[in-house]
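Biologist: I have not looked at this one before. Can you walk me through it?

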Amino acid sequence: MGSKFKAVNNRDKNFTRAKMERRLAQIEESVARYLGQLDTADLQEPSEALAAKMMHLKEKLAKLASEVQRLRAIEKAMLASPDQQISLTDPDSRSMATSGRGSGVVGYNVQVAVDTEHHLIVTHEVTNTGSDRSQLANIASQAKDVLGADHLDAVADRGYFNSTEILACEQADITVTLPKPMTSGAKADGRFGKQDFVYLPTEDVYRCPAGEKLTYRYTNEEAGKTLHRYWTTACPRCPLKSQCTTGPERRITRWEHEHLLEAVQKRLDENPQAMRVRRETVEHPFGTLKMRMGATHFLMKRLPKVATEMALHVLAYNLTRVMNIVGVKPLLAAIQT
Ligand code: SF4
């Protein structure tokens, strides 16, 4: 599970393309406004007050011109950076979206694996990648290694749903449970989604909402994935066609490892409490860590130092957790043995 922690980098000292465009547009607007005021001032009778006003406007325009120069220099550096983003105070921190609507932080994405029974942090990692989509196998494998377990059951949120990550977990003997994000364009347009088609493994066909069987047609590769394609020739005569496809027939794609994704969904259906348990499990350490770290979470700058700072916080969290669970004396005795 990941959470965004604030870096020592004010939002105003972080620039993305969109932010830069907004700032420059605002300045352009101000310049136009001041120039307009200068034009009308020109039409007035000269006076001392007017001269002072014009001087003031010219100063403002000069300030804006130097601000544009400063921003253009930052823009150049920003466009040259690999992810077209720049943070001036802590160059490794990144602007990241958070779960709150329209909100974001300039900071780091801290990944943790937490045990559901005692809420101890089994492993953690500090990254400056905003998205969780490629983190699942890495953090789950680390947790499995730390625990010295042969097998691990991991629960994650939908932000981690990524078929190649799920495959990597399966290959590492990690069983994952997580919901699939609803990204189907057809579903969004009010047409049947893929989940409305039932795969029948014994026949290797999909049964559609009209009861037709979509048979296997061909296989191709897309973005490194082997995909099987299914369809039926019944679509043109189907009374449900308008709810199904805008093309000549509805085609269903099946990844060669699709059964793993179906197993994930089945586990979720069989264990509807999983997501609640996950939320409660990670809220505890993240809430405690952020409370202890204060309003600006990190004090250090740059990823290696921030990672060390986080490691100390995690150690402190785990120690106080163990003290609360087993007591101070047994903990000291355990440390000495
Ligand atoms: S359009 Fe084709 S796939 Fe869709 S419900 Fe009708 S027969 Fe089934």
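Modeller: One term to start: two residues are in contact if their C-beta atoms, placed from the backbone, lie within 7 Å. This is a predicted model, where local features need pLDDT of at least 70, side-chain atom pairs count only at pLDDT 80 or more, and totals for chains, interfaces and linings use all residues. Residues are numbered from 1 along each chain as its sequence is written.

Biologist: Ok, what is Ala140 in contact with, leaving aside neighbours within four places in sequence?

Modeller: Ala113, Leu152, Ala154, Cys169 and Ile174.

Biologist: Which residues touch the most other members of the largest nonpolar core?

Modeller: Leu136, Ala140, Ala156 and Val176, in a core of 37 residues. Such a core is a set of buried Ala, Val, Leu, Ile, Met, Phe, Trp, Tyr and Cys residues joined through C-beta atoms within 7 Å. Buried requires 20 or more other C-beta atoms within 10 Å of the residue's own, again placed from the backbone.

Biologist: And which element gives the most to this core?

Modeller: Strand S5, with seven residues. Strands (E, at least two residues) are DSSP runs, numbered from the N terminus.

Biologist: How does S5 pair with S6?

Modeller: S5 (residues 104–114) and S6 (residues 121–127) run antiparallel, joined by six bridges; pairing takes at least two bridges found by DSSP. Gln111 has Glu125 in S6 as its bridge partner. The two strands form a hairpin with six residues between them, and His119 in the turn has a positive phi of about 60°.

Biologist: Switching topic, what are the domains?

Modeller: Domain 1 is 13–86, domain 2 is 133–180 and domain 3 is 185–267. The bounds come from an automatic or database domain assignment. The centres of domain 1 and domain 2, taken over C-alpha atoms, are separated by 50 Å.

Methods. Helix = DSSP H or I, 4+ residues; strand = E, 2+ residues; numbered from the N terminus. Buried ≥ 20, exposed ≤ 12 C-beta atoms within 10 Å, placed from the backbone.
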